[in-house]
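Hi,

Here is the structure I promised to pass along.

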Amino acid sequence: MADPVLPTGFMTIEQVKELPNEKLGKVFINIIGLITDFQPPVQTRGPDFKCTMEIKDNSIKYEKYGLKVHILWPETKMPQISGLFDAVVIRTVKVGSVSCQLWSGQVSLLANHHTEFHILAASHIPQSLADPPSHEQDWNSYPAVAKKPGSLELSYVVQTRKDLDEGEELPTADDFRIKACRALKVKDKFSLLKDVKPDCFYTIIGEVIRVFDGGIGVTVYITDYTTNPSFYDYSWKDDASTGGRDGDEYGYLQKKAKNNDTNTWPGPYGKQTIQLTLFDAHGLFVREHVKIHEWLRLKNVRIKHAKIGGCLEGVLYGEGEKVNVETMQMSEDPRENDERWKATVARKRDYWKKFNEQKAKYLKDTEELDSTKKRRAIEEPVEEKSNSKKRRKKRREAGQLIAAGAALQKPVEAAPQVRPDLNEHGDIVKCSYLDKAALRIAQITKPQEYILPNSDQVIVLPFVNNKYRANVRVVGYFPHKIVDFAVGRRVTEYDMLSDHSEGEGTNREEDMRIFKAGKGFGVKKWEWRFALEVEDSDSQLPKERMWLVVDNLSGQGLLDIDAEKYVYFKAFFDPQIDSASLRTNPSLLAELKERLCILWGDLEEQKSALMQKQQVVPSSFSEEPASSPMIRPGAQPNINSDDEDNIPALKSLEERSLNAGWTVNKIDVYHPPVKNKPFACCIKQYGVKVDEPDPSKATAGNGNDGKGKRWERRFGLFGVNIV
C-alpha cells in the first residue's frame, strides 16, 4: 500500500526522531498522528496541569512505542480526548532538547502557549477516502479560534489509520482506558535528602556531583543541599590549613589529609551528598546522557544502609525498559519549573555564597596568623615555646565559622501638544497613551522632592517609579556598532529564581567550571540591550537631551523582532547562518538596520562617517572584519565628558551616576546633523541598585554579594512599536 501524502509543512514521527542533536530544543514543527496512549491532566507543583499523549503514524508502524507529547497548560485549556485512535493535528510544537525533554532516552515534543491542537474523535474518522468526509465542525480545536485542518490533513489521517492496522500490535480500548485511570492515581514519594530513611522508596531531585561507571552499575553522587546525619561526611581540604576541631557543617576544620589528593571532593562539604547505584536501563541512561552538575529527578530510589561504614546510600534496580531517571532543565515559562527544584537551586546558591565568604575569611585569618607567627619567631625567639598554647588557641578561634549576616512628587506643567510626524496617523510608529499630555525632557529629568511628614525638611528622592510621554527625535545611540545591540549571557539554573540578578551568573570561573565538566561554555541567551539618545522635538525652544535604555522586552516591542527566537528559526531554515549573534547573522542585522532607519533616518550613516574620520570605532558598514572593544552588556557612553573633540569614552551602566546628570546633556559638536522625524514615545523612570563602598551612603542595604548598595535613577523606553 502506498504511503499517504504528507501535507506541506508537516513532518513524520520518523523524521522527528532522526533530527540531529544540534536541532533539538531549537525547532518548532507541525505533525499529525493517532493517539495510542493518554495520561489525563494532573496538577503540577506550579499553577498549571500536565498531561501526556503518545502518537503514532505510518512511518513508525512497526515500532512498539510512539512519540510522546507533553503539555503544560491550565486545566481549562487542555485538549479533550475521547478515546483510543483519536486523530490529532499539532502545529508549532517544540522538539525537546537532549538535556531537557529526552524522556526514557527518546525524543519528545513539548507544547507551549503558541501550540495548536486539533482533535478528531476516532468515531468521526471516515473508513476510507471514498466515504463522505468529516465536517469541519467535527474537529475540536485548542485554542478554539485556531484554523481547523482541511481535506489534505483528513486524507492523511484516514490513510494512516488503515496503515497502522498492518503494523505492530496496537493497544485495545480497554488497555487505553485502564492506563489512563492508573495515570490519575499519582502517589508523590518526593522527599528531601535530609528526611530519607532506610528501607523506603523515594523520588529525589538533586545535582550530580560525580559519576563513576563500575561496569555492572553506574554510581552517582547527588545532593539537594540539605544535611542528613546518616550521610558520609565530606571535608574541605586546604593545603594552607593545619587542621582544627571536628563537627563543622561546612567541613572547614576536618583534619587535613597527609597526602595531596588530586581527586579532591568538589563540594558541597559535610553530610549533604548521597551515593546512588543505578542498574540496567537507569544506569545506561546516566552513562549516555548525564554529566556532572546536571540536575536529575530519580523515582523509586530505595534507601538502605551501606555494608561498609553504615552510611545511607541508594539503589535503583532495573524495571525492564522503564527509565526512572529524568534530566531537568529550565522551562521557557518560569511558572512551569518545578517549585521543589527551584527551592533546591536556591539552597545551592545560598550554600556557595556562604561557603565562599567564610572560606575567604578563614584563609585571610590563617594567613595573618602565619605572618604573626613568623614575625614573632624573628623578634621573640625565646618566647616561642612558652606562647605556643596561646597561638594554637588563636588558630582554632580563627577557624570558627561565622554565620552570614545580613512618592510623592510635585505636579509638572504640561508642554504644548505637538503631534509628531512619524506617528501622526499611527501607521509608521505606534505609541501607547497618546491621550496623555506630553512633557519636555527637562520636566521628566527634574529630581523629585519629598517633604517629610510633620516636618519642614525636604529631601530629594533618588528615583520615582513613574511613566511619562514625550515628543522626541533620536540623535544618538549606543553601542556604536549596531551588531552589538543584541547581547548574550550564559543561561544558568539560577535564572529561575525570582531574586536572582543577571550578573550573578556570568562570571568566568563558573564558565570554566562548566567547560571542565565537559559541557562546553554553556548555552547563551540573546537579548536586546541598547540605548537611544533623544532630544525634544520642538525646534522653537531650548533643547535638552537624555538617554533611554531599551531592554529586551522594550526592544521586542519597538522592533517587533525577538532576538532569541528569530535567531533559532533562521538557523534552522538556513544552515549557513550561525545563530550566535547579530555579528554572525546577516539577515537579522539587515532587518534590524532597516527598521531602525525608519526611526532615526540617516543617523547611522552620519555617525559612521564621523567615527571613521576621527579613527575611533570602525563603522558597522566596514567590509573588513573588525573587533569591537570589549564591553559589558548594557555598557553606555560617558555623557559627562567635557571633551568635545573625541568620542565619549565607554562607561559601564553600573559605574554611571544618573542623578549626577548623565541623562541630560546640551548639544555639542560631536552630534552629527541628522535628517529624521520626531515621534511620540513613552518613558519610564525606575531605580536600580549599584555598589556603594561608603556605608553611610548605602541606602539600599546589602546585595547578594554582601556589598553595600544605593539607589540610582534610570530612564527607559517602552510602549513604542515600529510598524
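This is a predicted model: local features need pLDDT of at least 70, side-chain atom pairs count only at pLDDT 80 or more; totals for chains, interfaces and linings use all residues.

Phe485 comes from the loop between strand S17 (466-478) and strand S18 (486-490), while Trp600 belongs to helix H11, so the contact ties together parts that are 115 residues apart in sequence.

Helix H11 is worth a look too. It covers residues 586-600, and its end C-alpha atoms are 21 Å apart, in agreement with the 21 Å that its 15 residues should span at 1.5 Å a residue. Its buried residues are Leu588, Leu589, Leu592, Lys593, Arg595, Leu596, Leu599 and Trp600. Just after the helix, Gly601 adopts a positive phi of about 65 degrees.

Back to the rings. The search of the whole structure gave 20 aromatic pairs. Another of them joins Trp236 and Phe355, whose ring centres are 6.3 Å apart and whose planes stand at 90 degrees, so this pair is edge-to-face. Trp236 is in the loop between strand S9 (217-223) and strand S10 (273-279), and Phe355 is in helix H5 (residues 339-379), so the pair ties together parts that are 119 residues apart in sequence. Trp236 counts as buried at 7% relative accessibility, and Phe355 does at 3%. Ring pairs also link these two with Tyr225, Tyr269, Tyr351, Trp352 and Tyr362 into a cluster.

Two arginines sit over rings as well. Arg161 lies over the face of Phe85, at 4.0 Å from the ring centre, and the charged end of Arg340 is placed over the ring of Phe190, 4.5 Å from its centre.

Now the cysteines: how many disulfides are there? The count is zero. Cys431 is in none, and the nearest cysteine sulfur, that of Cys682, is 3.8 Å away, whereas a disulfide would need the sulfur atoms within 2.5 Å. Cys431 is buried, with a relative accessible area of 12%. For Cys681, the closest cysteine sulfur is that of Cys431 at 6.4 Å, too far for a bond. Cys681 is buried as well, at 1% relative accessible area.

Finally, the overall picture. The protein has twelve helices and 26 strands, and 47% of its 723 residues are buried.

Enjoy looking around!

Best wishes

Terms used
Residues are numbered from 1 along each chain as its sequence is written. Side-chain values use heavy atoms; hydrogens and water are left out. Helices (H or I, at least four residues) and strands (E, at least two) are DSSP runs, numbered from the N terminus. Buried means under 20% relative accessible area, exposed over 50%, partly exposed in between (1.4 Å probe, protein chains only). The expected span of a helix is 1.5 Å times one less than its number of residues. Rings of Phe, Tyr and Trp (its six-membered ring) pair if their centres lie within 6.5 Å; planes under 30 degrees apart count as stacked, over 60 as edge-to-face and the rest as tilted. A charge sits over a ring if NZ of Lys or CZ of Arg is within 6 Å of the ring centre and within 35 degrees of the ring normal.
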